[in-house]
Amino acid sequence: MMTGFRLNLSPLKEPLGFVKLVEWLTAIFAFGSCGGFSGRNIVSLFCGDGSNETLTANFHYPFRLSQFPLVDGNNTICNRSVTTTHLVGDSASSAEFFVGIATVCFLYSMVALLVYLGYMHVYKDSDFGPIFDFVLTAILVFLWLVCSSAWAKGLQNVKDATDTDGISATLALCKGSNITCEVTDFANLRTLNISVVFGYLNMFVWAGNAWFVYKETRWHSQKFSSQSGPGRQQVPAPI
C-alpha cells in the first residue's frame, strides 16, 4: 500500500471534504468573535444636589469581571467617600472552554483536510482512519453543545453584571436614596451574541458531518452488506 502524499482536490466537491472546510471556517468565526472582545459601559450617577458623575466599566475576554475596577482607589463621588470597587462575576471558565473547543476544532479541521486532500487513498484503505474520525467528530458534537450552552449562560452573567441593576447592586453608593445610578452607554455585545450563534451552528454542522464520516467506516459498509444480503434469493431450478 502506497502511503505517499497525493494531492487530490476532488474530496472538496464531496460532502465529506466540503463540510470539513465549512467546519474550519465556522470555528474561526466562533473563537474570533469571542476571544478578541473588549467593551466599555459608561455609568452615570445623578447626585442629590443636582450634579452628575460618570464611571467607566471596562471588561474584556476572558471576562474575569472581579479583576476590573469600577472605582479605582479611594475617591469622593457625589460628596461621599468611595473605596475601591470591582465588578462582580467571573465567566472566564465558560469563555475559555468555548474558545478552547473552537481552537481544537479549527486545528483538527486543518489536519483532517490535509488527510482528505493528500492521503485519501490511505484513509479509505484503513479501518482506523474513518473510525477515529467518526468517534472524534461525535465527541466534538457533544462538546460544542456543552461549551455553547455554558458560554450562553456565561454571557448572560456578563450582561447582568454590567447593566444598570448589576452596577447598582455592586456599587454601595448607588443604594443611597438620593443618588441614582444608570448605565447610559452600553458596550456593543453583538460579536459576543454572534459567537453563541456560531457555537450552536458548529454543533449542527459537526453533527451533519458525523453522518458522512460514518459512511466511510466499516460499520456502515457491514450494515449495508447485511441488509442487501438477504434480498438475494436463489431462483429454484426448473423441474
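F212 sits in helix α6, where helices are DSSP runs of H or I with at least four residues, strands are E runs of at least two, and both are numbered from the N terminus. This is a predicted model, so local features need pLDDT of at least 70 and side-chain atom pairs count only at pLDDT 80 or more, while totals for chains, interfaces and linings use all residues. Residues are numbered from 1 along each chain as its sequence is written, and side-chain values use heavy atoms, with hydrogens and water left out. Here's the rundown.

**F212 and who it touches**

- F212 is partly exposed, at a relative accessible area of 26%; the scale calls a residue buried under 20%, exposed over 50% and partly exposed in between, using a 1.4 Å probe and protein chains only.
- Leaving out residues up to four places away in sequence, F212 touches P15, L16 and V19, with contact meaning heavy atoms within 4.5 Å.
- F212 and L16 are 196 residues apart along the chain, yet 5.7 Å separates their C-alpha atoms.

**The chain as a whole**

- You'll find 7 helices and 7 strands in the chain.
- Going along the sequence, the pattern is α-β-β-β-β-β-β-α-α-α-α-β-α-α.
- Of the 239 residues in the chain, 41% are buried.
- Take the contacts between residues at least 6 apart in sequence: 73% of them join residues at least 24 apart.

**Helix α1 against helix α6**

- Two packed helices are described by the angle between their axes and the distance between the axes.
- Helix α1 (residues 15-35) and helix α6 (residues 190-214) have axes that come within 9 Å and cross at roughly 160 degrees; axes are lines fitted to C-alpha atoms, for helices over the stretch in contact, and angles run from 0 to 180 degrees between N-to-C directions.
- That makes α1 and α6 roughly antiparallel to each other, given that angles under 35 degrees count as roughly parallel, over 145 as roughly antiparallel, 65 to 115 as roughly perpendicular and the rest as oblique.
- The α1 and α6 crossing is left-handed, meaning the near helix is turned anticlockwise from the far one by less than a right angle, with clockwise being right-handed.
- On the α1 side, the contact residues include P15, L16, V19 and F29, and on the α6 side they include L192, F198, W206 and F212.
- By class, the contact of α1 with α6 has 16 nonpolar, 6 polar and 2 charged residues; Ala, Val, Leu, Ile, Met, Phe, Trp, Tyr, Cys and Pro count as nonpolar, Asp, Glu, Lys and Arg as charged, and the others, Gly among them, as polar.

**Helix α1 against helix α2**

- The axes of α1 and α2 are 8 Å apart, and the helices pack at an angle of about 155 degrees.
- α1 and α2 are therefore roughly antiparallel to each other, and α1 passes α2 in a left-handed crossing.
- Residues in this contact include L21, W24, I28 and F31 of α1, plus V99, A102, F106 and M110 of α2.
- The tally for the contact of α1 with α2 is 18 nonpolar, 4 polar and 2 charged residues.
- L25 is another α1 residue, and it is partly exposed at 38% relative accessible area.

**Helix α2 against helix α6**

- Helix α2 (residues 92-118) and α6 have axes that come within 12 Å and cross at roughly 35 degrees.
- This crossing of α2 and α6 is left-handed too.
- F98, C105, Y108, S109 and Y116 in α2 meet S195, G199, W206 and V213 in α6.
- In the contact of α2 with α6 there are 6 nonpolar, 3 polar and no charged residues.

**Backbone spots to check**

- The peptide bond from Y61 to P62 is cis, with omega near 10 degrees, and P62 falls in the loop between β2 (52-60) and β3 (69-71).
- C78 isn't a glycine but has a positive phi of about 55 degrees; C78 is in the loop between β4 (75-77) and β5 (80-82) and counts as buried at 10% relative accessibility.
- N79, also not a glycine, has a positive phi of about 65 degrees; N79 lies in the loop between β4 and β5 and counts as exposed at 67% relative accessibility.
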